[in-house]
Amino acid sequence: MGNSDYVYPSTATEGGGGECLHRAAIPPPQPFVKSLKNSLKETFFPDDPLRQFKNQPAARKVLLGLQYFFPVLEWGPRYRLALLKSDLISGITIASLAIPQGISYAKLANLPPILGLYSSFIPPLIYAMMGSSKDLAVGTVAVASLLISAMLGAEVSPAQNPTLYLHLAFTATFFAGVFQASLGLLRLGFIVDFLSHATIVGFMAGAATVVCLQQLKGILGLTHFTHATDLVSVLRSVFSQVDQWRWESGVLGCCFLFFLLVTRYFSKKKPKFFWISAMAPLTSVILGSLLVFLTHAEKHGVEVIGELKKGLNPVSITDLVMVSPHLSIAIKTGIITGVIALAEGIAVGRSFAMFKHYNIDGNKEMVAIGTMNMVGSCFSCYLTTGPFSRSAVNFNAGCKTAVSNVVMAIAVMLTLLFLTPLFHYTPLVVLSSIIISAMLGLIDYDAAIHLWKVDKFDFLVCIGAYAGVVFASVEIGLVIAVAISLLRLLLFVARPRTLVLGNLPNSTVYRNVEQYPNAGNVPGILILEIDAPIYFANSSYLRERIIRWVDEEEDRIKASGDSTLQYVVLDMSAVGNIDTSGISMFEEIKKILDRRGLKIVLANPGAEVMKKLDKGKFIESLGHEWIYLTVAEAVAACNYMLHSCKPNPETDEKTEAWNSV
């Protein structure tokens, strides 16, 4: 018995107008090649980057292709001198931050301090040509530096074999660049999305905590310190050497840390004075160097950087380690640090692009960041990306284009050529203070509180990442965070929501009865909404859950004395796809409901679902007349049959047989 047996009156649909019923259509068949092409396009080219090449002459296509990979060819010819003033100020400002931070982060990675300056020279020039962000300021970052130190340090001691350790750092940077650029070229940027916002918040906070704890070595003037990064090992190392603490170093470090925190607080309260916070690290380096030079503090336990090599980046392509047994650790370190660097760089770029109302292409950014790391590794640079602190200073300084990165690179180049001897007396304790000050800004308490208020599971992911980093290691913390995120994703897929819908008063609109308590039940009809695609992972759950809804509805009807249940309407609006396991699940549900004298009715299945249900012969088994465009039409048809038709004798026999069981 279906809607093909009767002529229904015009019925108001959910759109509100009186329209004749239409049959749910099965989409026309498409050739396999065309269907596969469309699927691949939607998966890897959702932004349709080739759209601009359509109907263009060959010369224009070549130019557009070059502009795609080198955006400087697009905005460069339009660059005006009026923009140079802003970019010049921004570039000099971020250079004043990049120089001390670069030296500090290189020390954090157990690399020669000069590498921090090398890494602030070549990569920014590459990014200025290939990057699509106007605000991203390129440089080294603390978290990647910590990861390099922890992962490579576990394989090769930087103290016992510094040359091999240095070469492995270059190799890891090279493979990080290869991995990053490959993700962009192959349009696989969605892999980075598995690092959710909650994961990044917890991981960054944990890494910042670990980095701060590691700086106790410099603050307290300790010469022997643990290579482990977990909280227990660091605290044990600190308090087992109380007799080795240097009060001179401690006092100096606390004073400079206080100065850096005060300037940052002042700049945060008065954004127009952002330059005070930006200049504070370089000011600390200058004051610290003068203090040590004038007081000869290096003779009283205050360690200094020492001699920095003058000159531009030496070529290091021949230093890359491409043989066993150390190649595997270089690849592993490169991939992990590459993913973290990408996640930070793209997130920072998108954040500032949103403020200035322009878009950046994530895949192009991956290619740009990957290329600058590959090229950088061949010129004595280690891993770089777009750190938030430096990019925020660049943004606040009023940068207009990526020329600010070029200005910064020129400032660093001049420093390498002429000013490196001035850093000889820079105390390491000042570098530790600079790192701690920068890291405290990565511990985002407000974001963690927001996660707790909005989504407790996201908060659990955040805390899991934080605890893993702080109490185990950086790698374990990252694995824990990603594992919890993937578990949640699996739960979303394997345990989709099913909702009971009710009719809103004086309308033909059907909504969730929990969200709308005034939505009423329709006598004799159970309306359920399936809120996810149906796959092998959730088909068994959905079968059991739908049958449970039916059982609960029949129990409610018996208790209230209402009319018996006759129809189960399934709203398929949110079911974007279905596989063969899902089709089998529908067949099983139909058989179960048939034995109980109930009829299953489908409402608004999508094109892909209709196509597969048709190929799976389920529509033939169910009857096309039991598939409707809207819930309102399905309910109207069921109501018509409930009030106009006599009970089906065959159905009565099935009901008696079911009851006898």
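The chain has 27 helices and eight strands. Helices (H or I, at least four residues) and strands (E, at least two) are DSSP runs, numbered from the N terminus. This is a predicted model, in which local features need pLDDT of at least 70 and side-chain atom pairs count only at pLDDT 80 or more, while totals for chains, interfaces and linings use all residues. Residues are numbered from 1 along each chain as its sequence is written, and side-chain values use heavy atoms, with hydrogens and water left out.

**Exercise 1. Describe the chain as a whole.**

Step 1: take the extent. The C-alpha trace spans about 105 × 65 × 55 Å along its principal axes.

Step 2: take the surface. The accessible surface comes to about 31200 Å², and 63% of it belongs to carbon and sulfur atoms. Such areas come from the Shrake-Rupley method with a 1.4 Å probe; for residues, only the protein chains shown count as cover.

Step 3: take burial. Of the 661 residues in the chain, 51% are buried. Buried means under 20% relative accessible area, exposed over 50%, partly exposed in between (1.4 Å probe, protein chains only).

Step 4: take contacts (heavy atoms within 4.5 Å). Consider those between residues at least 6 apart in sequence: 80% join residues at least 24 apart.

**Exercise 2. Work out how helix 4 packs against helix 18.**

Step 1: find the helices. Helix 4 covers residues 81–108, and helix 18 covers residues 428–440.

Step 2: read the geometry. The angle is about 95°, and the axes are 9 Å apart. Axes are lines fitted to C-alpha atoms, for helices over the stretch in contact, and angles run from 0 to 180 degrees between N-to-C directions.

Step 3: classify the angle. Under 35 degrees is roughly parallel, over 145 roughly antiparallel, 65 to 115 roughly perpendicular, and the rest oblique. Helix 4 and helix 18 are therefore roughly perpendicular.

Step 4: list the partners. Helix 4 brings P100, Q101, I103, S104, Y105, K107 and L108, and helix 18 brings L428, L431, I434, I435, A438 and M439.

Step 5: sort them by class. The contact has 10 nonpolar, two polar and one charged residues. Here Ala, Val, Leu, Ile, Met, Phe, Trp, Tyr, Cys and Pro count as nonpolar, Asp, Glu, Lys and Arg as charged, and the others, Gly among them, as polar.

**Exercise 3. Explore the nonpolar cores.**

Step 1: define the term. A nonpolar core is a set of buried Ala, Val, Leu, Ile, Met, Phe, Trp, Tyr and Cys residues joined through side-chain atoms within 4.5 Å.

Step 2: The largest core has 109 residues, and F203 and M439 touch the most other members. Helix 14 (residues 327–355) gives the most to this core, with 11 residues.

Step 3: follow F203. Leaving out residues up to four places away in sequence, F203 touches V143, L147, I340, A465, V469, V474 and L478.

**Exercise 4. Decide whether helix 6 is enclosed or open.**

Step 1: count. Seven of the nine residues of helix 6 (residues 122–130) are buried, so the helix is largely enclosed by the rest of the structure.

Step 2: name the buried residues. They are I122, P123, P124, I126, Y127, A128 and M130.

Step 3: find the cover. It includes helix 2 (58–69), helix 3 (72–75), helix 5 (114–118), helix 15 and helix 17 (403–419).

Step 4: visit helix 15 (residues 362–377), which holds N363. N363 is buried, at 15% relative accessible area. Neighbours within four places aside, N363 contacts L183, G184, R187, L188 and G189.
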